[in-house]
Amino acid sequence: DTDRALVLLEEYCKKLRKPEEQQLKKAIRKVMGIFKSSLFQALLGSFKKKATRYGTTSHTSLPVALACDVLGCPKD
């Protein structure tokens, strides 16, 4: 769930206070921005549709749907 991931990333970012952790904090904030983007949400929706089509609807199966789309999986 993207919303849960964003909450966890935000909580983690709050703990990063040392000067040597600021680069990591900046990178995490970039990832958070990507997760919030309309493009990412559209892609995620597309992957969910593909996962449903291939009968794999769990979150961990979304990469399977992408792989099937890219590599071509046999259709039943």
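Author: Start with burial. Buried means under 20% relative accessible area, exposed over 50%, and partly exposed in between, with a 1.4 Å probe and protein chains only. Helices are DSSP runs of H or I with at least four residues, strands are E runs of at least two, and both are numbered from the N terminus. This is a predicted model: local features need pLDDT of at least 70, side-chain atom pairs count only at pLDDT 80 or more, and totals for chains, interfaces and linings use all residues. Residues are numbered from 1 along each chain as its sequence is written, and side-chain values use heavy atoms, with hydrogens and water left out.

Reader: Which residues of α1 are buried?

Author: Thr 2, Leu 6 and Cys 13 are. Seen down the axis of α1, the buried residues fall within an arc of 40°, so they line one face of the helix. The arc is taken over the directions from the helix axis to the C-beta atoms. Exposed Lys 14 and Lys 15 sit on the face turned away from the buried side.

Reader: What makes up the largest nonpolar core?

Author: Such a core is a set of buried Ala, Val, Leu, Ile, Met, Phe, Trp, Tyr and Cys residues joined through side-chain atoms within 4.5 Å. The largest has 5 residues: Leu 6, Cys 13, Leu 16, Ile 28 and Met 32.

Reader: Why does Ala 27 count as partly exposed?

Author: Ala 27 has 37% relative accessibility, so it counts as partly exposed. Ala 27 lies in helix α2. Its C-alpha is 10.0 Å from that of Cys 13, 14 residues apart in sequence.

Reader: How many aromatic pairs are there, and what makes Phe 35 and Phe 40 stacked?

Author: The count is 1. Rings of Phe, Tyr and Trp (its six-membered ring) pair if their centres lie within 6.5 Å; planes under 30 degrees apart count as stacked, over 60 as edge-to-face and the rest as tilted. Phe 35 and Phe 40 are 4.9 Å centre to centre with 25° between the planes, hence stacked. Phe 40 is partly exposed because its relative accessibility is 23%.
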